[in-house]
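Biologist: Can you walk me through this one? I'd like to go residue by residue and then look at the bigger picture.

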Amino acid sequence: GMQANGSLMLLLAYLLQSNMDWHNAEIYVKLVVADAAAARSAETNLRQLISTLRIRAVPNVIVAAGRAFPDILHASSQETDLIFLGMAEPHDDSFKDYYEKFQAWTVGLPTILLVLAAPNFPFEEVLNQES
């Protein structure tokens with residue numbers, strides 16, 4: 001789930017960078033964690049994912065410290081050109097309710113791509129064929 005989404009978003013950003021107009025785009029991989037304790041391992045995992053996929057990207061772990069996710073999203077992504085936002089498989093909600101919640105969270109933000117990866121997609125194989 002989470003790992004697959006992260007990999008897919010990095011892959012999409014990488015493909016975007018291969019387009020001349022986006023060649024110098026800065027990619028920030030943002031991950032929200034509950035507290036400082038969780039931040040350290042999250043940072044390590046992000047760096048590992050980025051280096052495994054060999055993509056030019058900046059890891060950015062954000063400590064929520066009690067803030068709601070939509071507030072963090074707006075504060076951290078207001079100035080970007082494009083946002084890749086990972087979705088999870090909805091469990092309690094119907095997909096429609098879940099999607100509408102995302103719609104409400106993202107009002108007033110730049111262009112957003114909602115990403116939901118298929119489980120067990122072989123990202124590393126795809127990237128290794130690219131190079």
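Biologist: Let's start with valine 29: buried or exposed?

Modeller: Valine 29 counts as buried, because its relative accessibility is 15%. The cut-offs are under 20% relative accessible area for buried, over 50% for exposed, and partly exposed in between, with a 1.4 Å probe and protein chains only.

Biologist: What should I know about the model before we go on?

Modeller: It's a predicted model, where local features need pLDDT of at least 70 and side-chain atom pairs count only at pLDDT 80 or more, while totals for chains, interfaces and linings use all residues. Residues are numbered from 1 along each chain as its sequence is written, and side-chain values use heavy atoms, with hydrogens and water left out.

Biologist: OK, where is valine 29 placed?

Modeller: Valine 29 is in strand E1, residues 28-33. Helices (H or I, at least four residues) and strands (E, at least two) are DSSP runs, numbered from the N terminus.

Biologist: And which residues does valine 29 touch?

Modeller: Not counting residues up to four places away in sequence, valine 29 touches Leu10, Leu46, Ile50, Ala57, Val58, Pro59 and Asn60. Contact here means heavy atoms within 4.5 Å.

Biologist: In what sense do E1 and E2 pair?

Modeller: Parallel, over six bridges, with E2 covering residues 58-63. Two strands pair if DSSP finds at least two bridges between them. From E1 the chain goes through helix H2 (residues 36-52) to E2, and this β-α-β crossover is right-handed. Right-handed means that, with the strands pointing away from the viewer, the path from the first strand over the helix to the second runs clockwise.

Biologist: Which residue in E2 is opposite valine 29?

Modeller: Proline 59. A bit along, leucine 31 has valine 61 in E2 as its bridge partner.

Biologist: Switching topic: how many salt bridges are there in the whole structure?

Modeller: Two. The criterion is a side-chain nitrogen of Lys or Arg within 4 Å of a carboxyl oxygen of Asp or Glu. Glutamate 43 and arginine 47 make one of them, at 2.9 Å from N to O. Glutamate 100 and lysine 96 form a salt bridge too, with the closest N and O atoms 3.0 Å apart.

Biologist: Why would such side chains pair?

Modeller: Side chains of opposite charge can pair when their charged atoms come close. Glutamate 43 and arginine 47 are four residues apart in helix H2, so about one helical turn separates them. Likewise, glutamate 100 and lysine 96 are four residues apart in helix H4 (residues 95-105), so they too are separated by about one helical turn.

Biologist: How exposed are those glutamates?

Modeller: Glutamate 43 is partly exposed at 25% relative accessibility, and glutamate 100 is partly exposed at 40%. Lysine 96 counts as exposed, at 54%.

Biologist: Now pockets. How much space lies in the largest pocket?

Modeller: About 1,300 Å³. On a 1 Å grid over the protein atoms alone, a pocket is an open set of points where a 1.4 Å probe fits, with protein on both sides within 12 Å along at least five of seven lines, and lining residues have an atom within 4 Å of a point. Grid points are joined across faces, edges and corners, and the volume is the space filled by probe spheres set on them.

Biologist: Which residues lie nearest its centre?

Modeller: Met9, Lys30, Phe84, Leu85 and Gly86, out of 48 lining residues. Helix H1 gives the most to the lining, with ten residues.

Biologist: Last one: which backbone angles stand out?

Modeller: Most residues other than glycine have a negative phi. Arginine 54, in the loop between H2 and E2, has a positive phi near 50 degrees. Alanine 65 has a positive phi of about 45 degrees, and sits in the loop between E2 and H3. Arginine 54 is exposed at 53% relative accessibility, and alanine 65 is exposed at 62%.
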